[in-house]
Amino acid sequence: MSATHRIRAFTTLLLLLSTVGQAVATERYVVIVANNASRDQGVKALNYADDDGIRYYELFKLQSDHVALFTVLDDETARLYPEMSGLVKPPTRQNVMSTFEAFNKGIIADKKAGKATELLFVYAGHGDVDKAGQGYITLQDSVLRRSDLYQGIIAKSKADFLHLIIDACKSYFLVNQRG
């Protein structure tokens with residue numbers, strides 16, 4: 001094969017690859033909840049959930065313009081990451097659920113534009129199981145139970161793909177029933 005043919009073949013391959021990349025453009029939406037506190041009596045606050053939330057934020061912010069971080073920075077974390085103080089919101093049920101609703105609107109618009117969509121829900125903090133055997137994670141003002149996760153987030157999501165990253169004790173019970 002001559003040099004000219006190799007260049008044409010290589011150029012054709014590059015054009016094909018760039019077309020494939022455009023055809024599968026994916027918009028990623030990320031909700032990160034990182035909560036050091038527990039609502040359960042006698043459970044100590046964590047030291048690093050807010051730090052983990054920032055690390056997740058930094059990672060996903062490289063890949064998306066649609067990243068929301070819900071946390072309360074402890075004093076040490078606030079000193080280490082002063083730029084984050086204006087970006088975070090408290091991890092309340094209202095803040096988290098309204099962001100999922102807003103992201104769903106963006107996801108619908110992106111899908112109409114022919115883009116693939118992903119929704120990621122990342123949680124770092126306390127988790128447990130209630131007396132009925134239902135797993136939950138802790139928000140600042142309430143808990144988010146498995147039924148809340150399934151009915152309020154998963155069932156309502158318009159994304160093509162949904163990913164859950166749950167870093168909490170007993171997280172198995174947030175996504176599965178006992179037994």
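Through how many residues does a hairpin join β5 to β6? The hairpin between these two strands runs through four residues, and its setting is described below together with the rest of the fold. The structure is a predicted model, in which local features need pLDDT of at least 70 and side-chain atom pairs count only at pLDDT 80 or more, whereas totals for chains, interfaces and linings use all residues. Residues are numbered from 1 along each chain as its sequence is written, and side-chain values use heavy atoms, with hydrogens and water left out.

Helices (H or I, at least four residues) and strands (E, at least two) are DSSP runs numbered from the N terminus, and two strands are taken to pair if DSSP finds at least two bridges between them. On this basis, four strands form an open sheet with parallel pairing, in the order β2-β1-β3-β7. Its edges are formed by β2 (66-71) and β7 (161-167), each of which pairs on one side only, and the twist from one strand to the next averages 10 degrees. Within the sheet, β1 (residues 26-35) and β3 (residues 116-125) run parallel and are joined by ten bridges; Ile32 has Val122 in β3 as its bridge partner. Helix α4 (residues 93-112) packs on this sheet and touches β1, β2 and β3, its direction making about 175 degrees with that of β1; contact here means heavy atoms within 4.5 Å, and axes are lines fitted to C-alpha atoms, for helices over the stretch in contact, with angles running from 0 to 180 degrees between N-to-C directions.

Strands β4, β5 and β6 show antiparallel pairing. Strand β4 (residues 127-129) pairs with β5 over three bridges, and Val129 stands opposite Gly135 in β5. The hairpin of β4 and β5 has five residues between the strands, and in it Gly133 takes a positive phi near 90 degrees. Three bridges likewise join β5 to β6 (residues 143-145), where Tyr136 stands opposite Arg145. Both faces of β5 (residues 135-138) are covered, with Gly135 and Ile137 buried on one side and Tyr136 and Thr138 buried on the other; buried means under 20% relative accessible area, exposed over 50% and partly exposed in between (1.4 Å probe, protein chains only). Thr92, in the loop between α3 (75-80) and α4, is also buried, since its relative accessible area is 16%. Apart from residues up to four places away in sequence, Thr92 touches Leu139, Gln140 and Asp141.

Salt bridges, defined by a side-chain nitrogen of Lys or Arg within 4 Å of a carboxyl oxygen of Asp or Glu, number seven by this rule. One of them joins the side chains of Glu118 and Arg28 at 2.7 Å, N to O, and links strand β3 with strand β1 across 90 residues; Glu118 counts as buried because its relative accessibility is 13%. Another joins Asp160 and Lys111 at 3.2 Å, N to O, with Asp160 in the loop between α5 (146-154) and β7 and Lys111 in helix α4, 49 residues apart. Asp160 counts as partly exposed at 36% relative accessibility, as does Lys111 at 35%. In a further salt bridge, the closest N and O atoms of Asp130 and Arg145 are 3.0 Å apart. Because Asp130 lies in the loop between β4 and β5 and Arg145 in strand β6, the pair ties together parts that are 15 residues apart in sequence. Asp130 is buried, with a relative accessible area of 17%, whereas Arg145 counts as partly exposed at 30% relative accessibility.
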